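The sequence and structure come first.

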Amino acid sequence: MDNMPQSLVPIRFGRLCTQAKAKPLESEIHLLWLPDELLLEIARELLWRDILSLRQTCKRLWDITKSSDIWRSLVCRESRQTLWLELPVESYTSEELERLLLRRKSAEARYEAAAKDVVLPQWILPVDIDISLDCAWLIPGGRWFLISTSRGSVNYYDLHSEDHLGRELIPERYDERRSSICIDVDSNSPILTFNLALANSDYMTGDRQATLEIWQVSLVVDEEGKGVALKAQSLADFLQEPMGPITSMALVGTHFAYSVHFDPHERTYIFIVNWKTIHESNYPKQVVVVPPNAACCLFDGNICVPDCGTLRLLSITSLPTFTTMPRLSNQIPRPEHLTSIALPKTISLCTSSYPVSHQGVTHILIGTGTAIYDVFVKDTESGPELDAIRLADISAPLVGVRISVSDNFCLPWVRREGQMFLQRLWTPGDISDYPPLLLPYTLAKAPYFYSLDMASGQIVTYENECFQISLLRLL
């Protein structure tokens, strides 16, 4: 990965992933002598590719492979983070489950079979946005697209609808404010539910106290059992303390973290609060001092911070707690870390993704200005284990650019050259060497926001200058 003569992203050429052609069914007549019940049980044990091959043999097996029981069985083998169903699996027809599963598998197959750069088909959505957008978020599953505005509101768009009309989720309360959002999806809920953190701060300087809010957002289901809209319910609101520009946020479970950079001290402080326990203005908050402009890397119950060329994993409970911020940074005790790893160069976490979990491993992607790393935590008998893999070397600054992650794939954007690349993340027991797949961006302007969603096999981009939302499909 050290030689990059033609591109900022080093491309590793490996063997292609090809699929062997299905062999003809042996003793086909004897198979068809079986009753439908046994054929159905046999089909339920097959892989999705085998189901599609079996379907091509005769009309009877075509009908059997259309059974809801088969596709429910296939879907239930996947993790919640793979397909991100909005409703319980029983709510979907056989055709709907087949479509949801195959679009995900098609996106993975497109990545695994690609041997060179791929230009994706692109659609410009007829979305009417008539207000300044500050932040955007694509909910896993690829249907709901959220934006926060300079008036403190949050609106959403149904990307599966025909009209693409925006709807208000959280109403306007302010004028000329900078709004930021982050979300935490409840992967255990049978119906789409997620918590949303919203920060509204002074538009120009950020030197006023921001209003911090936590909302619960859930799917609205109609009489026919179909998801038709989103609704929000306020869970908590409180003032930022201490004052200062918020440079990054993270929300995981009951913990909400935000980083504040104080120029006079050239220090960045990360504050973590349990939003469920805030009942007064002087609420307790836990604090950790990090290098300038370091981003929040919040795991479930832990936080990852840089320190002199290493990454340290800290337990949130080990951090010092304050109600009033101390005047000097040296008055904040240095906490003991659970584990740490050394990286080749001194790092400053300019960019980080939100955490995702896949096969028992929690991943966060970080950009250091010179490289992109996959940082992951595994739970072991002796405690959490921290490790990192360098995905790519870069020579363009990543400040202000978000790395999008979707379960076991990531999509970094190299801003200066207008390049995206898709990369599979490390998984336990996987020794395959998957190359990064370059996805040249075809629009003239660099996206203000972009997000990868492997469940729907699409990339959503937003361009702030022309108020334009685009879809790029990996199918």
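## Model confidence

The chain has an average pLDDT of 80, and 80% of its residues score at least 70. The model is a predicted one.

Over residues 1-23 the pLDDT stays under 50. For that stretch the model has 47 contacts beyond four places in sequence. Where pLDDT is low, predicted coordinates should not be read in detail.

Helix H3 (residues 48-55) packs against helix H7 (residues 94-113) at an angle of about 115°, and their axes are 11 Å apart. H3 and H7 are therefore roughly perpendicular to each other. Their crossing is left-handed. On the H3 side the contact is made by Trp48, Arg49, Leu52 and Arg55, and on the H7 side by Glu98, Leu101, Leu102, Lys105 and Ala109. By class, this contact of H3 with H7 has 5 nonpolar and 4 charged residues, with no polar ones.

H7 also packs with helix H5 (residues 68-77), here at an angle of about 35° and with the axes 9 Å apart. The crossing of H5 and H7 is left-handed. H5 contributes Ser68, Trp71, Arg72, Leu74 and Val75, which meet Ser94, Leu97, Glu98, Leu101 and Leu102 of H7. The residues in this contact of H5 with H7 comprise 6 nonpolar, 2 polar and 2 charged.

## The pair H3 and H5

How are H3 and H5 oriented to each other, roughly parallel or roughly antiparallel? Their axes come within 11 Å and cross at roughly 160°. That angle makes H3 roughly antiparallel to H5. H3 passes H5 in a left-handed crossing.

Trp48, Ile51, Leu52 and Arg55 of H3 make this contact with Ile70, Trp71 and Leu74 of H5. The contact of H3 with H5 divides into 6 nonpolar residues, no polar and 1 charged.

S6 and strand S7 (residues 193-202) run antiparallel and are joined by 9 bridges. Ser180 has Ala199 in S7 as its bridge partner.

## Five-stranded sheet

Another open sheet has 5 strands in the order S10-S11-S12-S13-S16, with antiparallel pairing. Strand S10 (246-252) and strand S16 (321-322) are the edge strands, and each pairs on one side only.

Strand S11 (residues 255-262) and strand S12 (residues 267-274) run antiparallel, with 8 bridges between them. The bridge partner of His261 in S12 is Thr268. Strands of a sheet pair through backbone hydrogen bonds, in either parallel or antiparallel fashion.

Note on methods. Residues are numbered from 1 along each chain as its sequence is written. This is a predicted model: local features need pLDDT of at least 70, side-chain atom pairs count only at pLDDT 80 or more; totals for chains, interfaces and linings use all residues. Side-chain values use heavy atoms; hydrogens and water are left out. Two strands pair if DSSP finds at least two bridges between them. Helices (H or I, at least four residues) and strands (E, at least two) are DSSP runs, numbered from the N terminus. Axes are lines fitted to C-alpha atoms, for helices over the stretch in contact, and angles run from 0 to 180 degrees between N-to-C directions. Angles under 35 degrees count as roughly parallel, over 145 as roughly antiparallel, 65 to 115 as roughly perpendicular and the rest as oblique. A crossing is left-handed if the near helix is turned anticlockwise from the far one by less than a right angle, and right-handed if clockwise. Contact means heavy atoms within 4.5 Å. Ala, Val, Leu, Ile, Met, Phe, Trp, Tyr, Cys and Pro count as nonpolar, Asp, Glu, Lys and Arg as charged, and the others, Gly among them, as polar. pLDDT is the predictor's confidence in each residue, from 0 to 100.
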